[in-house]
Number of protein chains: 2
Amino acid sequence: MASRRTITGFSNPLVKFLRSLRDKKHRKREKRFLAEGLRLLTDARECGKVPEILVMATGREAHPLLDALEAAVEKAGGEIVEMDVDILAKVTGKDNPQAVAGVFAEFDTRLSTIDRDAAPIWLVAQALRDPGNLGTMLRTGDAVGAGGLILIDDCADPFSVEAVRASMGAIFTQKLATARWEEFLPWLRSGSGQLVAASLRDSTDYRTAPYAAPCFLMVGNESQGLPAAYEEACDLRVTMPMLGRADSLNAAVAGAVLAYEALAHLREV
Amino acid sequence: MASRRTITGFSNPLVKFLRSLRDKKHRKREKRFLAEGLRLLTDARECGKVPEILVMATGREAHPLLDALEAAVEKAGGEIVEMDVDILAKVTGKDNPQAVAGVFAEFDTRLSTIDRDAAPIWLVAQALRDPGNLGTMLRTGDAVGAGGLILIDDCADPFSVEAVRASMGAIFTQKLATARWEEFLPWLRSGSGQLVAASLRDSTDYRTAPYAAPCFLMVGNESQGLPAAYEEACDLRVTMPMLGRADSLNAAVAGAVLAYEALAHLREV
C-alpha cells in the first residue's frame, strides 16, 4: 500500500528535499529527479514509469488523469503527498492549484543498456550545454522513432527540470546514455552502426548522403561544434546549406533536420 | 563626432536605462533594445547596424573587432561609454571584462516594409511565446536564405535579450514584421505567396508537398498549435511523421524541418 500524508509547513524536510532536486548536485546525490505537470506525469505512467513520490495540492479539483496517477502510485507502493497550494508553489515554482509533481529514480544511463538494433536512428550529442536543447533533442528523437539519445562528454544534465520539461515526456520514452568519447567510440565499433556527424567541414550534402541503420546522428557543442578528431572518426560527415551570414544552426535544430532527412532515406529502403 | 564618457557609479541614470531595457515595458517605451557580446555586435556592424550607444569595460584588453566597433559608432555619431567591469556586469549579467553591449533602435516591423519577392521563403510564427524559439527561428531563417520572420498575434518580444541572443545575429539580417492575423491574411492575398501550415490535421506529407515561392511557412503556438481557421486559410497543410508518443515537435524545430524541406524543393525547380 502507498503511504499518504499531508504537509502543512514550508520547513518540512520533504519540501526541502523536493526543492533540492532543482539542483544538480542534490539530484546526483539522491539519484532522483523531478517531473512536473499532469501531462508529463501521465506520459510517464503510460510508459510504465511511476513516480516514487507523487505531490499534489490539497483541495485540488478531481481529474480522471490524477486519479489514474494516484492509483498507479498506490499500486506501486509509492508515496502520495498532499500539501497546501502555496507550499506546492514553492516546490514547482508555479502558483497553480492543478500543479502536480513526481519524484522519479534516475534511469540507468550506461551504454551497455542500449540495444542498438532496437531502432534505425539514434541521436548523439557531444558537450551539449543547454538543457532546453537536450530536452528538445529527446522530443525530436521520439518523433522520428529514434531509440534514444547518447550524451558524449560533459553535457547538460538530462534530469534537470528544464530538460525534462523540454522533452515533453520523451525523457520517459527515449533511452538515455552518457559516456565519454573514449568509451563511446569503442562501444560503437563493437557492433553495427554508422556514425554521422553534422559538420561544417569537408562533407557530403545531407540530402544525398547514404544513411544506413542503425544510424547514429551526432551534433556538437553549441558554440564549438564537434572536435575535428571526432568528426574524422565518423563514417559520414554531412552538411546542410547555410545560405546566410551565420555559419551554424541551433544544435537541436541541426539534429532535427538531419534526423528527419535520415528517417526519410531509411524508410525508402 | 561620437561622445565619450566613463561611468563609475551604479546609480548612474544610463546604467539604470540599460538595465531597464531587459524589461519589455521599458523597451516598448524607449523603442530601443540591447544586444550583448562582441560577436553579435560585430554581426550587426557588418550588416550596417551600428548601436546608438556602445558600452564597454574600462581596462579591457584591446581587440581589433572592438576597435572596428568603436570606429563605426564614432563615425555614426553615437555614444561610447566605458564603465567599471562590475557595473558592466550589472548591465549584462556577465562577469566578464570582455563584455560589451550595444543599444539599438528597434526596427520598423510593419508588414508594409516587407518585399515578399526579395526571398523564396518567409517564416511565419503565430502566438509563439518562447523568446528562445523566436530567436532560433530567426537563425534558421538566415540559414535557409529566408527573407525574414513574420510574427502573428501575440508573440514573444523579438527584441528581448533572450530572442536577440538566440538569433545569433540573425535579428540583424532577417526582416521582422508583426501583425494581427486579420491584417496579415489580406496583406498576403494582396500579392503572390503560398501560405503553408505545419499541421497535424488532414494534411499533405511535407516531403512531397508542392512548395512554391514566395513560400510563407507558418508554425503555431507551442502548446496550442495553429487555430483551425488559420490552417483552413492556408494553401497547403503539411505534416511530418510523428512516430512516437508525442503529437508535436518543438515549434522552432518544426519550422526548421519544414524550411529545409521547402528550400530543397525550391532549389530543384
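In this predicted model, the backbone nitrogen of Ala212(B) lies 2.8 Å from a polar atom of the side chain of Gln194(B). Gln194(B) belongs to strand β9 of chain B, which covers residues 194-198. Is this residue buried or exposed? Its relative accessibility is 12%, and because the cut-off for a buried residue is under 20%, Gln194(B) counts as buried. When its neighbours within four places in sequence are left aside, Gln194(B) is in contact with Pro210(B), Tyr211(B), Ala212(B), Pro214(B), Cys215(B), Phe216(B), Asp235(B) and Leu236(B).

Chain B also holds an open sheet of 5 strands with mixed pairing, in the order β1-β4-β3-β5-β2. Strands β1 (3-7) and β2 (32-36) of chain B stand at the edges, and because each has a single partner strand, one side of each is left without a neighbour in the sheet. From one strand to the next, the twist averages 20°. Within this chain, strand β3 (residues 53-57) and strand β4 (residues 79-83) of chain B run parallel and are joined by 5 bridges, and the bridge partner of Val55(B) in β4(B) is Val81(B). Helix α4 of chain B, residues 64-75, packs on the sheet and touches β1, β3, β4 and β5 (100-105) of chain B, while its direction makes about 145° with that of β3(B).

Turning to chain A, how many of the residues of strand β2 (residues 32-36) are buried? The count is 4 of the 5, so this strand of chain A is largely enclosed by the rest of the structure. Strand β2(A) is joined by 5 bridges to strand β5 (residues 100-105) of chain A, and these two strands run antiparallel. In β5(A), Phe104(A) is the bridge partner of Phe33(A). As background, strands of a sheet pair through backbone hydrogen bonds, either parallel or antiparallel.

| Strand pair | Bridges | Direction | One bridge pair |
|---|---|---|---|
| β2(A) and β5(A) | 5 bridges | antiparallel | Phe33(A) and Phe104(A) |

Strand β2 of chain A also takes part in the lining of a pocket, together with α3 (38-46) and α7 (161-166) of chain A, and each of these elements supplies at least two residues of the lining of the second largest pocket. The second largest pocket has a volume of about 360 Å³ and is lined by 19 residues, of which Glu36(A), Gly37(A), Leu40(A), Lys94(A) and Arg165(A) lie nearest its centre. Which element gives the largest share of this lining? That share, 4 residues, comes from α3(A).

Note on methods
Residues are numbered from 1 along each chain as its sequence is written. Chains are lettered from A and ligands numbered from 1 in the order in which they are written. This is a predicted model: local features need pLDDT of at least 70, side-chain atom pairs count only at pLDDT 80 or more; totals for chains, interfaces and linings use all residues. Side-chain values use heavy atoms; hydrogens and water are left out. Buried means under 20% relative accessible area, exposed over 50%, partly exposed in between (1.4 Å probe, protein chains only). Two strands pair if DSSP finds at least two bridges between them. A polar contact is a pair of N or O atoms within 3.5 Å; within protein, one must be able to donate a hydrogen and the other to accept it, and residues adjacent in sequence count only if both atoms are side-chain atoms. Contact means heavy atoms within 4.5 Å. Axes are lines fitted to C-alpha atoms, for helices over the stretch in contact, and angles run from 0 to 180 degrees between N-to-C directions. On a 1 Å grid over the protein atoms alone, a cavity is a set of points where a 1.4 Å probe fits but cannot get out, and a pocket is an open set with protein on both sides within 12 Å along at least five of seven lines; lining residues have an atom within 4 Å of a point. Grid points are joined across faces, edges and corners, and a volume is the space filled by probe spheres set on the points.
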